[in-house]
Amino acid sequence: MISVLAAAEAPKLDASALVMFLSFVAATLVITYYSARRSKGTTAYFAAGRSITAWQNGLAVAGDYMSAASFLGISGMIAFFGYDGFMYSVGWLVAYLTVLLIVAEPLRNAGKYTMADLLAYRLKPRPVRAMASLSTLTVSTFYMIAQMVGAGTLVKLLLPGVPFHWAIIGVGVLMIVYVVFGGMLATTWVQIIKAILLMTGSVILSVLVMNHFGFSFTKFFDAIAHVEKGGQVIDFMQPGLKFGDVATKGLGKWDLISLGLALVFGTAGLPHILVRFYTVPDAKTARHSVVWAMFIIGAFYIMTTFLGFGAATILTPGGIVVDGKPNDNMAAPLLAKALGGDLFFAFISAVAFATILAVVAGLTISASTSFAHDFFTNVIHHGKEHRPGEEVRVARITAFVVGAVAIFLAIQLSTINVAFLVGLAFAVAASANVPVIILSIFWRRFNTAGAVAGLVVGLVASIVLIILSPSIMGVDPATVEAAKRHLIQRPAIFPLTNPGIVSIPLGFIAAIIATLCVREPEAEARFAELSVRANTGLGAEKAVSH
Amino acid sequence: MSYPENQDLTPLSGGPSDVAPLGRTGPKPEHEKTATEDTDVVNWDTIAATPGFAALLRAKARFIVPATVFFVVYYFALPVLVGFFPEFMKTKIGPANLAYLFALSQFFVAWIVAILYTRTASKWDKQSAELIAKDSKQSSK
């Protein structure tokens with residue numbers, strides 16, 4: 001045990017980690033080069049020519065979705081709080097049933113490049129697209145900033161020799177290069193490679209953990225029931241260590257239910273996930289790709305059992321320290337170091353970077369597609385390209401601008417706690433996008449007023465409730481370090497961290513009430529067309545042959 | 001629309017791609033339609049009114065509505081049971097406890113629902129393929 005504990009100390013700058021990370025970067029740049037040569041035309045740039053197969057898209061969806069927050073954050077939460085961390089991870093998979101059963105196929109059948117295509121079919125295109133684009137850009141940039149600040153923090157921990165700003169600039173420049181030059185095809189393959197790397201790393205780490213316990217589940221679960229934390233022996237399999245009534249004054253269960261709502265509804269409204277379904281030839285392939293994604297994502301979250309509880313039992317929560325302070329992001333990498341040595345630690349660190357890069361590239365392309373297709377072409381230019389190739393050119397410029405803004409903001413925000421931005425992205429997706437998507441597909445009476453009201457209220461309610469929540473408001477003692485201080489030093493007005501339980505109903509109610517106040521016969525008349533398109537795939541966008 | 005390079009694009013006289021004579025009144029030949037004229041070749045309302053389409057929608061609703069209600073209830077049972085009845089969920093079962101096994105079961109239930117859905121949905125693919133085939137037969141007459 002002594003050697004294990006000694007190995008779990010803070011890592012030094014490691015040449016092998018750098019080599020592995022650079023070889024991942026080199027591989028992705030080669031892919032970008034070939035993608036850039038193959039991607040000619042609008043559909044090729046925005047939707048990879050609709051030529052991605054089901055298993056490829058399944059891997060890419062998984063690579064787009066599983067962020068560093070899942071890989072490092074959930075393992076860490078299990079390592080420090082046991083069962084509650086595992087329960088937290090369940091919703092991230094179940095959310096895909098909403099995507100599969102309700103959203104993926106109608107979206108693929110009736111849309112072209114963005115979520116707003118589906119809404120614009122029977123509603124007035126300009127107001128609906130403008131609001132949908134605003135909501136898309138909000139979700140994508142907030143989520144991106146959270147990821148990039150995370151990348152900077154990660155570099156500080158994994159490669160202590162690289163300064164924070166350079167890490168963020170490096171990640172930002174790479175994601176701009178993938179998206180500007182390689183478009184959707186390059187982004188897709190970066191996500192596929194990342195998913196394969198992440199699964200490989202997790203499987204090896206899981207096997208190493210079981211090897212430590214002689215491949216005996218009885219031994220493993222027995223160790224989980226006797227974890228040493230803060231001088232006490234605690235049963236880590238019991239619920240309630242993080243979200244229980246004692247730890248949270250009775251609010252934890254409500255927060256979990258609220259988070260569950262945001263996940264189960266929000267995933268089906270995340271723009272960077274939705275655009276992935278335009279890259280496949282038809283709705284049937286889209287359906288199969290969701291099932292592929294569900295098996296990959298589910299297998300990963302089940303493996304957090306080994307990653308998280310492995311760190312809790314083998315390292316113990318007191319052993320997961322960096323520079324003498326406990327660090328919940330480092331549970332998985334330090335476990336890799338303890339069980340697999342420096343080389344495996346380097347591999348897991350490279351996987352963590354690949355994870356961030358694939359997610360931010362997906363966010364960048366969805367943001368720039370929405371701006372170019374929805375806002376520039378359809379809102380400003382009434383749906384006509386003035387010059388051929390204009391839409392793609394605008395998207396490339398947007399990707400560059402979005403990337404530059406994200407780099408700037410991530411550096412500016414590097415000293416504050418930005419974890420709430422991920423929750424905000426899901427809350428906006430669930431409260432603004434999803435009500436409008438669902439009502440548009442299933443309710444004949446639904447109209448433009450309802451769509452705009454639903455988008456505005458869902459967006460504003462999520463942002464306001466997050467600002468009033470304990471994520472931003474709270475009084476810290478003077479000893480708390482800057483990166484963990486609350487932004488507003490006052491008691492929180494809204495008690496829950498996750499606003500979903502209030503903001504999702506608000507989004508639906510606003511959309512329904514505004515619809516009932518106005519009649520729009522044109523929208524009702526075109527419901528038949530949308531319904532036939534969405535349900536049969538007649539007239540859907542076809543694959544482009546290369 | 002793109003044309004192969006170095007190829008004479010002049011239409012054959014009297015051929016299927018012939019241009020319409022000036023001042024004609026009949027419908028334009030297919031190839032001459034601009035994008036805006038070509039959009040609504042399908043009569044959506046007619047298809048939407050067929051019994052086959054209504055049957056397709058009913059078949060979809062028969063699976064999707066109960067499946068959605070089931071997975072939402074099954075999933076939210078987890079935070080509700082763990083949040084409100086933690087002592088009950090701590091019941092030991094084998095080396096683990098009820099809380100862990102119920103959380104683990106969520107993964108398998110989600111996978112089973114997904115597989116059942118794809119199996120059922122492949123029947124809908126056939127139904128909608130028949131609908132589309134019927135429609136194109138009617139419009140070509």
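Colleague: How many helices and strands are there in chain B, and what pattern does chain B follow along the sequence?
Modeller: This is a predicted model. In it, chain B has five helices and two strands. Read along the sequence, their pattern is α-α-α-α-β-β-α.

Colleague: What share of the residues of chain B count as buried?
Modeller: A residue is buried if 20 or more other C-beta atoms lie within 10 Å of its own. Chain B has 141 residues, and the part of them that count as buried is 16%.

Colleague: Which element of chain B gives the most to the side that touches chain A?
Modeller: The contact takes 42 residues from chain A and 44 residues from chain B. On the side of chain B, the elements that give two or more residues are α2 (44-49), α3 (51-84), α4 (86-89), β2 (96-97) and α5 (98-140). By class, that side has 34 nonpolar, six polar and four charged residues. With 17 residues, the element that gives the most is α3(B).

Colleague: Are α8(A) and α15(A) roughly parallel or antiparallel?
Modeller: The axes of α8 (residues 125-158) and α15 (residues 331-380) of chain A come within 9 Å and cross at roughly 160°. Angles over 145 degrees count as roughly antiparallel. Therefore α8(A) is, relative to α15(A), roughly antiparallel.

Colleague: What is the handedness of the crossing in which α8(A) passes α15(A)?
Modeller: The contact of the two helices has 20 nonpolar, 11 polar and three charged residues. The crossing in which α8(A) passes α15(A) is left-handed.

Colleague: Is A:Asp328 exposed or partly exposed?
Modeller: A:Asp328 is in the loop between β4 (325-326) and α15 of chain A. Leaving aside neighbours within four places in sequence, A:Asp328 is in contact with A:Gly76, A:Met77, A:Ala79 and A:Phe80. Because there are 19 other C-beta atoms within 10 Å, A:Asp328 is partly exposed.

Colleague: In chain A, where is confidence lowest?
Modeller: Chain A averages a pLDDT of 85, and 95% of the residues score at least 70. Over residues 1-11 of chain A, pLDDT stays under 50, and the model has 15 contacts beyond four places in sequence for them. Confidence in chain A is highest in α19 (residues 500-517), at 93. With a mean of 41, confidence is lowest in helix α1 (residues 2-7) of chain A.

Methods:
Residues are numbered from 1 along each chain as its sequence is written. Chains are lettered from A and ligands numbered from 1 in the order in which they are written. This is a predicted model: local features need pLDDT of at least 70, side-chain atom pairs count only at pLDDT 80 or more; totals for chains, interfaces and linings use all residues. Two residues are in contact if their C-beta atoms, placed from the backbone, lie within 7 Å. Helices (H or I, at least four residues) and strands (E, at least two) are DSSP runs, numbered from the N terminus. Ala, Val, Leu, Ile, Met, Phe, Trp, Tyr, Cys and Pro count as nonpolar, Asp, Glu, Lys and Arg as charged, and the others, Gly among them, as polar. Axes are lines fitted to C-alpha atoms, for helices over the stretch in contact, and angles run from 0 to 180 degrees between N-to-C directions. Angles under 35 degrees count as roughly parallel, over 145 as roughly antiparallel, 65 to 115 as roughly perpendicular and the rest as oblique. A crossing is left-handed if the near helix is turned anticlockwise from the far one by less than a right angle, and right-handed if clockwise. pLDDT is the predictor's confidence in each residue, from 0 to 100. A residue is buried if 20 or more other C-beta atoms lie within 10 Å of its own, exposed if 12 or fewer, and partly exposed in between; C-beta atoms are placed from the backbone.
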